Amino acid sequence: MQFTPEIEERLARLQEKYEAMGQDMTSYLDGLLYADFLTYWDYIHLDTLLSLQNPKTPFPDEEIFIIYHQITELHFKLMLHECRQIAAKQPLTAEFFITRLQRINRYFEALTHSFDIMVDGMEKEQFLKFRMSLLPASGFQSGQYRMIEIYATDFINLVAADKREELKSSTIEEQFEYLYWKFGATELSTGKKTLTLKQFEKKYAADFIALGKANVSHNFNVLFRQLKERGQATPALENELKQLDINVNVNWPLSHFKSAVRYLHREPEEIKATGGTNWQKYLPPRFQKRIFYPALWNAEEIENWGKGWVEKVLREV
Ligand code: HEM
């Protein structure tokens with residue numbers, strides 16, 4: 001059998017590669033000879049993926065609830081994948097920063113647009129029953145969601161608004177005690193930490209604090225300021241950061257809030273959330289005013305945060 005020059009060239013390069021590592025190329029060629037062909041289902045671990053939906057009740061719509069949460073967590077994973085690349089990039093250019101922020105924004109927008117799967121896609125009667133079997137678990141306990149926030153901004157911007165001034169020179173550990181979400185997860189009747197919050201902290205507190213410390217010098221706000229000081233920040237970069245702010249702190253929370261209203265709103269008394277929060281007061285973005293990049297918004301925009309028109313302004317930039 002005659003080898004074409006292309007194959008001979010590949011063999012020579014392979015020989016070089018294995019020699020450089022002190023390996024025997026023939027053994028690796030044997031490996032190729034005996035290996036199975038890759039299949040789609042093995043490559044993406046499809047059988048494992050499809051075995052991860054285990055409803056706690058016989059209500060069929062619970063499966064929709066589980067799968068949509070899993071879809072969301074996979075999107076969060078995609079976002080964190082980009083967050084890590086931005087934080088690690090040396091040297092970081094405005095161009096790289098923008099393309100990665102665009103990816104994160106696209107993932108968030110996909111989630112915001114698909115949230116009707118939750119809002120309209122389940123029977124309320126089924127939801128109100130199967131949710132009782134999930135107590136005290138809540139999407140509130142999404143660790144990846146909180147990690148995205150920690151990459152996106154200075155830790156102090158995640159501290160409850162009324163504590164921010166007082167704690168601005170405190171350590172990450174001290175600031176952690178006053179993160180905004182802790183105040184959402186207090187029992188309505190007693191004012192104590194909910195079990196949902198206690199379990200969440202037990203699992204993730206150390207990770208959040210470690211990430212907060214690592215990101216003191218690598219969160220997106222700092223990275224943006226550094227580029228700006230070097231005269232390398234562009235209006236396009238600023239706009240992409242503002243879009244992220246809107247996506248994470250207004251648009252997704254609003255579409256999520258719609259689902260809480262759809263299933264938990266009841267006259268004269270609201271239905272209690274599985275995490276035990278006072279959800280009508282806690283969830284709406286206009287109450288929380290979480291803002292990653294306050295320096296990029298004017299006083300009026302901050303004042304009207306979460307009220308709809310901020311998005312319109314952004315589109316006009
Ligand atoms: C029918 C659908 C949903 C309803 C009714 C709902 C309801 C709620 C409620 C009431 C809270 C406040 C915490 C609590 O007391 O439990 C909450 C928080 C949260 N949920 Fe959902 N949720 C739904 C779907 C989802 C989905 C699909 C996700 C995706 C992971 C999610 C992620 C979150 C997150 C990240 C929080 C914390 C928000 C914050 O701290 O501002 N939720 N949800």
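Predicted model: local features only at pLDDT ≥ 70, side-chain atom pairs only at ≥ 80, totals over all residues.
Biologist: Where is threonine 194 placed, and what is it in contact with?

Modeller: Threonine 194 sits in the loop between helix H12 (180-184) and helix H13 (195-214). Leaving aside neighbours within four places in sequence, its contacts are Ala185, Thr186, Glu187, Gly275 and Gly276.

Biologist: Good. And why is tyrosine 43 called buried or exposed?

Modeller: Exposed means over 50%; tyrosine 43 has 60% relative accessibility, so it counts as exposed. Tyrosine 43 lies in helix H3 (residues 40-43), and together with Leu38, Tyr40, Trp41 and Ile44 it makes a nonpolar surface patch of about 630 Å².

Biologist: What makes His256 a donor to the iron atom of the ligand?

Modeller: Its NE2 atom is 2.1 Å from the iron, and the cut-off for a donor is within 2.8 Å, so NE2 qualifies. His256 is the single donor from the protein, and its place is in helix H15.

Biologist: Which residues have the most contacts inside the largest nonpolar core?

Modeller: They are Phe97, Trp181, Phe220, Leu237 and Leu241, in a core of 70 residues. Helix H15 (residues 235-264) gives the most to this core, with nine residues. Apart from that core lies another, of five residues, among them Ile246, Val250, Ile291 and Trp297.

Biologist: What does tryptophan 181 touch?

Modeller: Not counting residues up to four places away in sequence, tryptophan 181 touches Phe140, Arg146, Glu149, Phe176, Leu197, Phe200, Phe208 and Tyr282.

Methods. Residues numbered from 1 in each chain as written. Heavy atoms only, no water. Helix = DSSP H or I, 4+ residues; strand = E, 2+ residues; numbered from the N terminus. Contact = heavy atoms within 4.5 Å. Core = buried A, V, L, I, M, F, W, Y, C linked by side-chain atoms within 4.5 Å. Buried < 20%, exposed > 50% of the residue type's maximum accessible area, 1.4 Å probe, protein only. Donors = N, O, S within 2.8 Å, 3.2 Å for Na, K, Ca; no water. Patch = residues over 30% accessible without salt bridge, like charges linked within 9 Å, V, L, I, M, F, W, Y side chains within 5 Å. Areas by Shrake-Rupley, 256 points an atom, 1.4 Å probe, with all protein chains shown as cover. Salt bridge = Lys/Arg side-chain N within 4 Å of Asp/Glu carboxyl O.
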